[in-house]
Amino acid sequence: MFKVAVAGCGYWGPNLVRNLYSLPDCKVEMICDIDVKRLNHMKGLYGNIKTTTNYDDLVDNKDIDVIFIVTPVRFHFEMARKSLQANKHTFIEKPMARSGKECKELIALAEKNGLKLMIGHTFIYSSPVRKIKEIIRRGDLGDIMYIGSRRLNLGLYQEDINVTWDLAPHEISIILYVLDDEPTHVNCQGKAHITKDIADITNMTIDFKNGGFATIQSSWLDPNKVRETKFVGTKKMLVYDDLEPNEKIKVYDKRVERPPHYDTFAEFQFSYHYGDMHAPFIQQAEPLKTECQHFLDCIKSDLKPDSCGKEGLKVVEILEASSKSLSNGGGKVAI
């Protein structure tokens, strides 16, 4: 039985606590937040839970095996470093840290102390994303020509990071997971409308080593909530809409074909193929619960988490490149 602690009980932390409570092989020993009202609220939901406003109480508690850090990004590095130095397996909500340098230091510390370090890339533990990876690996879509993704909403505005750092880690982690390819360059453009110097709408493009190409639009300033990613292949096209209650994935038998040969210019024309649409059945499960169980299983069996520290570093390196590109007007930045 693992004894775990959760640092941060604001927007996302309570969801982690709820899922950890439902797992049979762990006990939520203590939670931490600077807001006493939030702690009292959680105490009302989970009567036997210990609470504290001092993070060191978690780090210094010899009974605690695992610490989950669910705080604003600016606190991730220092809190994770303290946790790893105290020999606690450590989970950090996305993005892993503010820079690649901080990520590398945390990875080295975890390896030195023989500890598991996992990042909260929740969507790669969702049934639809696992199904998409399976479909692409099977070759059903053909070669992936491009991926187009949109994550739009009205808020929630952040004070210390722009919309790319807040929302795009979801899309980046999904794309890296399903493509299994190395990003090479990033372009990013955006505008800050509400808070000075903090972009609330951005468009990012990512080039990959094997010719893949992805676009990611992120916005806190949109009237409609959108969570959509399109995978366009040489054989078929797939649309993933996370807001759909049932048919989250739709595979379209559509493609553009060039004639294999032609003798005159008049004979040349593209051929547009239109076929059926198929929505594969997906057994739904709460991704966050799957993610938490995966982390505990990796600790128990000494396995590498699917969203380990090195995967977190890849996402942060893309985000860093996006910030550099944003500051130079959208120019291409190498990773």
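Is Cys-188 buried or exposed? In this predicted model, Cys-188 counts as buried because its relative accessibility is 1%. A search of the whole structure identifies zero disulfides. Cys-188 accordingly takes part in no disulfide, and the nearest cysteine sulfur, that of Cys-103, is 18 Å away. Cys-292 is likewise in no disulfide, its nearest cysteine sulfur, that of Cys-26, being 7.7 Å away; the cut-off for a disulfide is 2.5 Å between sulfur atoms. With a relative accessibility of 0%, Cys-292 also counts as buried.

Glu-291 belongs to helix H8, which comprises residues 287-301. This residue is buried yet has no salt bridge, and the nearest side chain of opposite charge, Arg-130, is 8.6 Å away. Beyond residues up to four places away in sequence, Glu-291 touches Phe-91, Met-118, Ile-119, Gly-120, His-121, Thr-122 and Tyr-125.

An open sheet of nine strands with mixed pairing is present, in the order S14-S13-S12-S11-S7-S10-S9-S8-S15. Strands S14 (271-278) and S15 (333-334) stand at the edges; each has a single partner strand, so one side of each is left without a neighbour in the sheet. Strand S7 (residues 144-154) runs parallel to strand S10 (residues 213-219), to which six bridges join it. Ser-218 in S10 is the bridge partner of Arg-151.

Terms used: Residues numbered from 1 in each chain as written. Predicted model: local features only at pLDDT ≥ 70, side-chain atom pairs only at ≥ 80, totals over all residues. Heavy atoms only, no water. Buried < 20%, exposed > 50% of the residue type's maximum accessible area, 1.4 Å probe, protein only. Helix = DSSP H or I, 4+ residues; strand = E, 2+ residues; numbered from the N terminus. Lys, Arg positive; Asp, Glu negative; His and termini not counted. Salt bridge = Lys/Arg side-chain N within 4 Å of Asp/Glu carboxyl O. Contact = heavy atoms within 4.5 Å. Pairing = 2+ DSSP bridges.
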